[in-house]
Every structure is written in structure tokens, then in C-alpha cells.
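Thanks for coming, everyone. Let me put the sequence and the structure up, and then I'll walk through them.

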Amino acid sequence: MTPHTTRRQLVVLGLVLAVGAFVRFYHISASSLWLDEIWSIEMARGQGSLHDLLPDGIIHTDQPDLTGLANAAPWWKIWSHLQRVIHPPLYFVVMRWWMDFFGNSSAAIRSLSTVASLLAIIVFFDVCRLLHGTRIALIAAAIMTLAIGQINIAQEARSYPQLILLGLCCCDALVRIQLFGANSRRLAALAISLVAFMLTHYFAAGPVAVLGLYALIRLRGRNRTRAIAAFAAAGLITAVLWGWQFQDQMRTFPSFRPDFLQEDMPGHIVHTFARAIRLPMQYLGGKRFGEKTHLPLNIAVVLILIYSVARLRSKPELLLWILWLVGTAGWITAMDLAHDSRILEYLHYTILASPGVYALIATIDWPKLGRFRSALPLGAIAALAVLVALQLRNGVRANMDFRALSHYVDSHTTPHELLVYYHPGEFTSPGAWYMCYKYYSPHSHHPWMTLHAAADADVLAQLGPRQSLMLISADTQLEGSAILPDWRTEQCFSNSAGRACQMARLAPTPVH
């Protein structure tokens, strides 16, 4: 029987969503877009990663716009232009539709994530309502609303809020099949949600597997058979829609083991488990708060989740959230241990697991305490409210502040001074810094050049009689003279996006 939701409870849900909208839209464009956000705009134009294909070591006088919509390809071209990335196409398609209506400003593209985050709260409430009742569902929705981890990703133009939304839609459809039977409408909802989920991000693979396991464990008879058939159909449809393109992506992807994901210190196993223990606190209080929190508090939160596992025999409805954690953060932890990687270091890679944490905390219920039966989850809500207030007051620091970097370049160069973009890595090209600069300086007329290595004789010859230029790099410790021999560094500006150095020739060019 469906739990009854009173008008008063609906009003409370509306207030929760209103608070969620406020804290997510508040100063949504205050911080600069970072590389992956601007890259997402480029991918949504349907022409692939053009910044990786810019000719290297050549001075250019044209100014290709890699993020504008004026020369964008039709949206359906996105599906066949995903080379050099391994992400599925659906998020970029949805972003393109969004951009066609609202433009490509930072506020516009981030608002797509905010809307997806708010819709995810509604779906999360419905799943919790079906499994645990409306009272606990409201508590869970409030925790998700105020969780700093959720607020932060809701203000980034990336696929993770959409991924969480679609994953919860899969859970909702599956729970409805469990409770009310496998009719054609619910099976279609499950299959469509699974396809959309898998076409949003490859990290959907683990959750899909554990949802299939949940169906095998919790469903019975014809409901189980038809639900598994829906899983199989979704897998087949996804393979048909994306399999051919995925092979091309694998062929063109620059590296399966990028340097920034590799563990470069001893004690990898210890570091991996320490990162895993910090995850629940980071889902609640955000990455920076989770990292600063003392280990005993992190362990206490983990023990609370383990307590939920201990209640599984008397509360089998908790199985969904336990499996969800295993299928998201669990398999990424195993991947890190197996490959000496540190994917867990980056919160967005496991943020899909966070609804499981919120639900398990919300379900800690002690009826013998009467009106204080939900003291722990309500205390968590109060603590999160304080953290949210502090964050609203202090603001969020930009992951990579390209806005400030671009402003420095524009204010410290003449209109036609040469800009040299340098980055030696295989995974990210120097053209990415050209793209990000151009996003924030669309009217720039600077000649420019990209370099993957220190300048050779041919590059130096192209510089001709120039006496000054601006060198821009991701390396905040870069020594410009190592990249441009016979040039000296006069002044530099460094921030989270990189380093911009004004370079001057060591000696005047001889006159013959």
C-alpha cells in the first residue's frame, strides 16, 4: 500500500525544495567556470574536442571560437563527435538543448545542473517514501537538500547531477515494480531510465549491476523475470546506441591512466582506505570540510552506516541503499586498490553514492525515544544548515579561476601581443587553455601559439623581432626561460587555473 502523504507533508516538501533552490541558485555564477565545464560547452557544440586538434608550434592570427553557438553543428552531431573523451553522449545532448534556449553563460549552463539536482531531491523523496514512509522521506530529502556535496555539484556544469537524477529514477521504477507489480508502464519506465542512466556516464555500470542484483533478491516470480528482461533490453539498447561510438572513443582517448589519477606516494592501500572513510563526511559537508574533519568523526559517520547494515535483517528495505553504496563508492574503491589509482581523491567520481548515505542516516529511527526518535538525522540536518550558512557567507572558491587569469592577460598585454599556451601533458593539450581564455575574452584579437614542448629553433624563428609576449601554462611553478630560451620572465600571475608570465627578449634582435 502506498504511504499516504498529507497536505501538511507536501507543504513541508515544498519548503524543502524552496530552500534547495535558494542555496543552489545563490551566486551560481560567482566562481569561474573551470576546464571541464568549459570543455562540456565545447562538446555540446557537436564538433568534438577541437582544442586538442589545434596545430602546434605555429603562430595563428585567427581566433576560432570553440564554445560559441554561432558556428555549432546540429545537436545530433554530438553522438558521432565524442573522440578523445570516453563519456557517453546524453549529457552533452541535453546541455545543447538547454544552451539553445538559455545560452552558454556560466549561469545558464550551471542552472541545468541545479534543475537536475532539485528534480533528484523529488525522486529521492519518492523512493524513500515508498520504502520507509513519508516522515523519513522528508528527513532524507532535507539532508540531501542541505548536503554541501550536493550543493557544490549543483553549481557545476557537469553530468553528475543528471547522473544522480537518472540513477534515482531507476531506483524509483524498480521499487514500484517490487511493491505494485511489473506492468508495462513501470517496466518501460525502468528500461528507459536505465538507458538514459548508462548514456549519461560510464560510472553508471556499477549501480546498474547492483540494481540487477537487488531485483534478483527482492522481486519474486513474474515480477523478477520481467524486471530482469527490462535490464537486458536496456543493455541491448545502450549497446546499439553507443557501442559503435564507444569503440571509436577507446581508439582516440589519449590515456587510460592519466597522471593526475595515479598514486605517487607510498602506502597506497592505507591512503585508499583513508579516502574511502572520508567519503560519507564529504558527501555531507563537502570535500574541504570532509578533508579537514578529524579522523574519529569520519570513522563515527562510517560506523553509523555500518549500524544500518546491522539492521538489515529486521529492515530489509535498507538493502537498496547498502547495495547502492557498494555499486558506486565500493567498486571505485576496489578499482583504486587494484590499479594504484586515486579516483577517490576526486569527490565527483563517487558522488553518485551519496543518496545512499543520506537515506541510511535518515532511517536511523529509535521509536522508544518518542518525539526524539529521529534525533540523530535531525541533528545532522541542523549541522548541515550551519555549514550551508557559512558557505553562503564565505562563498565557494573556483576550482580553476580562468576568469581571473584571463583578466590578468587582457590587462597586462597590448591588443596584438602574442599569447603562447604551453602544456606538456598527453591527457590535456595546451589548446584547452586557449579555449578557456577565449571563453572569458571572446573579443580578443591576440595572435597565439600552442606548445607541447620547449620551443625549438623553428618556433623561436617565428617569434621574429618581438620583444615581449605572454606565456600561459597550467604549471604554476613554470620557469618561462626553460620553455623560451633567450627570453626572461619579467612578471607572473599564478592562481588555480595556471600561470601567466610576461616574457621579454634577453637582448635586442640584431639589425643587419
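One definition before anything else. When I say buried, I mean under 20% relative accessible area. Exposed means over 50%, and partly exposed is what falls in between. And please keep in mind that this is a predicted model.

With that, take helix H5. The buried residues there are Thr 134, Ile 136, Ala 137, Leu 138, Ile 139, Ala 140, Ala 141, Ala 142, Ile 143, Met 144, Thr 145 and Leu 146. That is 12 of the 13 residues of H5, so the helix is largely enclosed by the rest of the structure. H5 runs over residues 134–146 and reaches 18 Å from its first C-alpha to its last. The expected span, at 1.5 Å a residue, is 18 Å.

Let me step back to the whole chain. We have 20 helices and five strands. The C-alpha trace spans about 95 × 45 × 45 Å along its principal axes. How much of the chain is buried? Buried residues make up 54% of the 512. Now the contacts between residues at least 6 apart in sequence. Of those, 76% join residues at least 24 apart.

Next, another helix, H9. This one covers residues 205–218, which is 14 residues. From first C-alpha to last, H9 reaches 20 Å, close to the 20 Å expected. Its buried residues are Gly 206, Pro 207, Val 208, Val 210, Leu 211, Gly 212, Tyr 214 and Ala 215. While you look at that pattern, recall the helix geometry. An α-helix has 3.6 residues a turn, so residues three or four places apart point the same way.

On to the strands. E1 is residues 419–422, and E2 is residues 448–451. They pair in the parallel sense, over four bridges. Leu 419 has Trp 448 as its bridge partner in E2. How does the chain get from E1 to E2? It passes through helix H18, residues 431–440, and this β-α-β crossover is right-handed. Which faces of E2 are covered? Both are. Trp 448 and Thr 450 are buried on one side, and Met 449 and Leu 451 are buried on the other.

Now the cysteines. How many disulfides do we count? One. The bond joins Cys 492 and Cys 501, with sulfur atoms 2.1 Å apart. The link is right-handed, with 110° about the S-S bond. Look at the two ends. Cys 492 is partly exposed, with a relative accessible area of 27%. Cys 501 is buried, at 1%.

What about Cys 128? The closest cysteine sulfur, in Cys 171, is 9.6 Å away, so that is too far for a bond. The cut-off is 2.5 Å between sulfur atoms. Cys 128 is buried, with a relative accessible area of 0%. Cys 171 is buried as well, at 1%. For Cys 171, the closest cysteine sulfur is in Cys 170, 6.8 Å away, and that is again too far for a bond.

Start with Glu 37, in helix H2, residues 35–44. Is it buried or exposed? Glu 37 has a relative accessibility of 0%, so it counts as buried. Set aside residues up to four places away in sequence. Glu 37 then touches Ser 32, Arg 110, Gln 155, Glu 156, Ala 157 and Arg 158.

The other is Arg 275, in helix H11, residues 268–285. At 6% relative accessibility, Arg 275 counts as buried. What does Arg 275 contact, beyond its neighbours within four places in sequence? The partners are Glu 263, Ser 341, Arg 342, Leu 344 and Glu 345.

Last stop, Gly 330. This glycine sits in helix H14, residues 319–339. Gly 330 is partly exposed, because its relative accessibility is 30%. Gly 330 and Leu 168 are 162 residues apart in sequence. In space they are 18 Å apart, C-alpha to C-alpha.

That's my tour. Over to you.

Terms used: Residues are numbered from 1 along each chain as its sequence is written. This is a predicted model: local features need pLDDT of at least 70, side-chain atom pairs count only at pLDDT 80 or more; totals for chains, interfaces and linings use all residues. Side-chain values use heavy atoms; hydrogens and water are left out. Buried means under 20% relative accessible area, exposed over 50%, partly exposed in between (1.4 Å probe, protein chains only). Helices (H or I, at least four residues) and strands (E, at least two) are DSSP runs, numbered from the N terminus. Two strands pair if DSSP finds at least two bridges between them. A crossover is right-handed if, with the strands pointing away from the viewer, the path from the first strand over the helix to the second runs clockwise. The expected span of a helix is 1.5 Å times one less than its number of residues. Contact means heavy atoms within 4.5 Å.
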